[in-house]
Amino acid sequence: MKRSPSRSLGAAATRRVEALAPSIPVALAALLLLPRLRWPAFGMFDDAVTLRTARALVQGKWGMWDMAAGRFRPLYWAFWALLEALFGEGPLWWFLAQGALLLGSVLALVILARRLGAGPLAGALTGVLFTLAPATVESFYTLSKGEPLQVFFLLMALLVALPAAPALRGNASAWRVLGVASLVLLSIASKESGIAIVPLAVLFYLVAIATADEARRRNWRDLALGALLGGGLYLAARALAFGGSPLAGGGYASAYLGSGPAVWAQRAMTWAARVLHDMPYLLLAGPVLAVAVVRGRGQARLRGVRWLLMGTAWLALWVAVLLPVRFVVGYYLLPFALAASLAGGLALEVLYKAVVAPYARLSLGRRLALGGVALILGLMMTAGAVNALSDGRIQLAVDGVNQAFLTRLRKTAPQGGSLWLNIRSESEYAYEFRLHMQLLQARSDLSVQQLDADSLASVQDGLLILPYIENQPAMTVRLGFDEPSQRRWNDAARRALLDGREPLARELVELKLLRVELPFLACQWVPHRTTYCQQAQSFLDRRIFTYGWEVYALGDEATHDVGHNMAGAVP
């Protein structure tokens, strides 16, 4: 029987849409990178340390500064050393290289989603949700993060293990295991938490034994074998480098250990709030997929059970990896966002097929009800994207102010002068400030010291630098200080040293916020008010966020004169 011309045209149009679908999230990722590439700047979270270490490696001074803290991530340092060797201290080129990782990761995720059974809509939407996740924006709008490399190689390993063609046998399968092992090794060598793929791959294989056919079982078997081999090679290399110390040894790694039940409960609530804030659609996507699996039949139900179990295991294990971490920061969730984005894409595709597809056999009332669910799910996805874009604007604004202020100091601070930085915590800003002045601003003559209780009573001259922050969002990109603590420290410094004196100069930026704080709605039911609930102001945050620096002169008249020159140096 011949097909009608209209059906043939419809099929051709469908094939074109399917061919173009992967390009949509990749193009969106490229657009996301444009503001960062237009205003590139090294940040004050580890970037100066990264530059110093990369420069030393290029000069043949082998050694990674964080090994003393128990960390072992050689590929991470090799990546930055390569950029230093090729481009020097040009942040644009560094962000271009990292942007290539984003484009590659988004494309790989879309291809992986299709290989796992997602349709064109779900595949494209998976890439869009990942691109517009707050974890993605923070990871790729800043440098010195291990997650971009970790996720890129993790996705490559999954693509090698789960090919589009049927599973290979014999020598070809063995080569594939070696390929997976190499990519898993590279992923873990970028950031140690990538070791989580080893138990995950084994668990995936066990699920596949019960739910998949023989060909697919071989795919998951090869992933498990490759992950075990890659993880074992990493641990062996680490043992050689450290002389056999445990994975949780060292100053940095030991921060994952300890804590009592109350602290664990607090962290669990904080991470739950972070996930709800960044990826709220998971609340609805999970039940939608579960219902679809229950209503499925035969092989469709079995496949749905497999993906539901594997996706839940992925999300649960990455939360388990993060739960002991002392700091709750958004970019840690980048591997978590892979499965979350896929769940969101699949859930919306399920609803689309039930409501819009011509073969859907539902009453009008049920279609309207499911359409309402799809609308709510779409709004939840939009809320996460709004927060991600807000994070990007904040990151650009903060980096811009920091760069302008450091440049101002380079031009106007007195030769051999003292800079007193009023940050009392263990923030990276304290030593990054010093390294930025030495490495990037060429002012190694300046003495940069962190103000504390002792120096507050003894300091006599120099320039006093007060960080300024107002209306800080409860959950956003990582900043060097928090508003309540910094306000207390600044008030103490003003009382002890300034006697009502006006600042010589300010470098501030104001930004109108637009943030959707969904976790705020749950704060009244939280038994122990989390840090988030103490800081969040409303469901829709439309405040003016202000960030920057103030400079005050201390001591003799010469310093005052220099300070007044500083005030006029930059408009």
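1. Let me start with a loop. Asp-46 sits in the loop between α2 (23-38) and α3 (47-58). Its phi is near 80°, a positive value in a residue other than glycine. Is Asp-46 buried or exposed? Asp-46 is buried, at a relative accessible area of 19%, and since the cut-off for buried is under 20%, I'd quote the number along with the label. Keep in mind throughout that this is a predicted model.

2. You'll find Asp-499 in the loop between α19 (483-498) and β4 (505-512). Here the label is exposed, because Asp-499 has 75% relative accessibility and the cut-off for exposed is over 50%.

3. Now the chain as a whole. The protein chain carries 21 helices and 7 strands. Of its 571 residues, 52% are buried. The accessible surface is about 25300 Å², with 64% of that belonging to carbon and sulfur atoms. As for contacts between residues at least 6 apart in sequence, 82% of them join residues at least 24 apart.

4. On to the sheet. Which strands form it, and in what order? It is an open sheet of 5 strands, running β2-β1-β3-β7-β4, with mixed pairing. β2 and β4 are the edge strands; each has a single partner strand, so one side of each has no neighbour in the sheet. On average, neighbouring strands are turned by 20° against each other, ignoring direction.

5. Helices pack against this sheet too. Helix α16 (residues 364-412) touches β1, β3, β4 and β7 (544-554), and its direction makes about 170° with that of β4. Helix α19 lies across β3 and β7, at about 145° to β3.

6. Strand β1 (residues 418-421) pairs with strand β2 (residues 447-450) in the parallel sense, over 4 bridges. In that pair, Leu-421 stands opposite Gln-450 of β2. Between them in the chain path comes helix α17 (residues 428-440), and β1, α17 and β2 make up a right-handed β-α-β unit. β1 also pairs with strand β3 (residues 462-470), parallel as well, over 3 bridges. There Trp-420 stands opposite Leu-464 in β3.

7. A helix pair worth a view is α5 (residues 91-115) with α8 (residues 147-161). Their axes come within 9 Å and cross at roughly 30°. The crossing of α5 and α8 is left-handed. From α5 the contact involves residues including Leu-101, Gly-104, Ser-105, Ala-108 and Leu-112, and from α8 residues including Val-151, Phe-152, Leu-155 and Leu-159. Arg-115 of α5 and Pro-148 of α8 are also among the contacting residues.

8. Where does Val-329 sit? Val-329 is in the loop between α14 (298-322) and α15 (334-355). With 9% relative accessibility, Val-329 counts as buried. Leaving aside neighbours within four places in sequence, Val-329 is in contact with Trp-271, Arg-274 and Arg-478. Val-329 and Arg-478 are 149 residues apart in sequence, yet their C-alpha atoms are 6.5 Å apart.

9. Last one: Phe-242, which belongs to helix α11 (residues 214-242). Which residues does Phe-242 touch, not counting those up to four places away in sequence? They are Met-67, Gly-70, Arg-71 and Phe-72. Phe-242 and Arg-71 are 171 residues apart in sequence, with 9.5 Å from C-alpha to C-alpha.

Methods
Residues numbered from 1 in each chain as written. Predicted model: local features only at pLDDT ≥ 70, side-chain atom pairs only at ≥ 80, totals over all residues. Heavy atoms only, no water. Pairing = 2+ DSSP bridges. Helix = DSSP H or I, 4+ residues; strand = E, 2+ residues; numbered from the N terminus. Right-handed = clockwise from strand over helix to strand, strands pointing away. Buried < 20%, exposed > 50% of the residue type's maximum accessible area, 1.4 Å probe, protein only. Contact = heavy atoms within 4.5 Å. Areas by Shrake-Rupley, 256 points an atom, 1.4 Å probe, with all protein chains shown as cover. Axes fitted to C-alpha atoms, helices over the stretch in contact; angles between N-to-C directions. Left-handed = near helix turned anticlockwise from the far one by under 90°.
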